[in-house]
Amino acid sequence: MHTLILGATGGIGAATARAFAAAGHTLTLSGRDETRLAALASELGVTGRAADVGFESHVRTLLEAAPELDTLVYAAGAAHPEPLRDADPTHVRSVWNANYFGALWVMKHGLGRLAPGGRVYLLGARPELVTARGFSQYAASKAALARAAEVARLEHRGVGITLVQPPAVETGLWAQVGRVPRGALGPDAVARALVADRAGEAQMELRIDG
């Protein structure tokens with residue numbers, strides 16, 4: 001199976017790349033950090049293609065260059081927590097590009113390129129965990145992603161579109177917050193859940209509880 005992982009240079013993305021490689025998938029990896037991407041691609045002996053998911057043209061070019069795909073994993077994300085009164089336009093755009101628009105461009109240009117029985121995994125967020133002070137844009141962008149996935153399922157009946165709902169995960173994203181929540185899962189736990197789910201039937205939501 002050929003799997004494309006976007007956001008492969010992040011904590012969950014890199015762990016997922018290693019897990020899918022160990023499961024025997026052919027991989028194409030993508031991320032913004034060219035140095036980290038090249039190192040990971042070299043480690044796994046796979047193809048790495050740099051792209052910024054905030055630009056539709058980058059995503060379109062990435063997908064047009066890929067062979068027929070069986071699985072798409074969208075693992076890009078950003079938080080930049082801050083009170084609404086202090087909302088910084090640069091931070092807001094960064095959060096929405098990573099959490100929503102990048103996934104939108106991936107679905108727009110990727111769903112029609114998947115092989116029969118293809119699957120898409122989108123990293124979501126549990127509303128009860130992100131409805132918190134400072135997280136207005138993170139929570140809103142993840143909610144928008146969930147609704148877009150619902151509509152995409154209606155428009156692409158032959159594709160499994162799964163919204164992944166982990167608890168807090170110990171990644172570099174929490175550096176924007178200041179500390180990792182107590183009891184956070186390691187990214188490897190999310191990666192293992194994705195690989196196990198891909199071996200079974202498609203489902204609308206993958207809830208990971210540790």
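The lining of the second largest pocket comprises 8 nonpolar, 2 polar and 8 charged residues. Here Ala, Val, Leu, Ile, Met, Phe, Trp, Tyr, Cys and Pro count as nonpolar, Asp, Glu, Lys and Arg as charged, and the others, Gly among them, as polar. The model is predicted: local features need pLDDT of at least 70, side-chain atom pairs count only at pLDDT 80 or more, and totals for chains, interfaces and linings use all residues. Residues are numbered from 1 along each chain as its sequence is written, and side-chain values use heavy atoms, with hydrogens and water left out.

**Second largest pocket**

- This pocket holds about 250 Å³ of space. A pocket is an open set of points on a 1 Å grid over the protein atoms alone, with protein on both sides within 12 Å along at least five of seven lines. A volume is the space filled by probe spheres set on the points, which are joined across faces, edges and corners.
- Its lining has 18 residues, and Pro127, Ala146, Arg147, Leu163 and Gln165 lie nearest the centre. A lining residue has an atom within 4 Å of a point.
- Two or more lining residues come from each of α5 (127-130), α6 (136-155), β6 (160-165) and β7 (205-207). Helices (H or I, at least four residues) and strands (E, at least two) are DSSP runs, numbered from the N terminus.
- α6 gives the most to this lining, with 7 residues.

**Largest cavity**

- There is 1 cavity of 30 Å³ or more in the structure. In a cavity, a 1.4 Å probe fits but cannot get out.
- The largest cavity has a volume of about 50 Å³.
- Residues lining the largest cavity include His80, Glu82, His91, Ser136 and Tyr138.
- At least two residues of this lining come from each of α4 (89-110) and α6.
- By class, the cavity lining has 4 nonpolar, 5 polar and 1 charged.

**Helix α6**

- The 20 residues of α6 should span 28 Å at 1.5 Å a residue, and the end C-alpha atoms are 29 Å apart, which agrees. The expected span is 1.5 Å times one less than the number of residues.
- Among the buried residues of α6 are Tyr138, Lys142, Leu145, Ala146 and Arg153. Buried means under 20% relative accessible area, exposed over 50%, partly exposed in between (1.4 Å probe, protein chains only).
- These buried residues pack against α4, β5, α5 and β6. Contact means heavy atoms within 4.5 Å.

**Nonpolar cores**

- The largest nonpolar core has 30 residues, and Leu6, Leu72, Tyr74, Leu111, Val120, Leu122 and Ile161 have the most contacts inside it. Such a core is a set of buried Ala, Val, Leu, Ile, Met, Phe, Trp, Tyr and Cys residues joined through side-chain atoms within 4.5 Å.
- α4 supplies the largest share of this core, 6 residues.
- Leaving out residues up to four places away in sequence, Leu72 touches Leu4, Leu6, Leu63, Val106, Gly110, Leu114, Arg119, Val120 and Tyr121.
- A second, separate core has 23 residues, including Phe20, Val73, Ala75 and Leu185.

**Two loop residues**

- Pro67 sits in the loop between α3 and β4. Pro67 counts as partly exposed, at 46% relative accessibility.
- The C-alpha atoms of Pro67 and Thr3 are separated by 10.0 Å, though the two residues are 64 residues apart along the chain.
- His80 lies in the loop between β4 and α4. His80 is also partly exposed, at 25% relative accessible area.
- The phi of His80 is near 45°, a positive value in a residue other than glycine.
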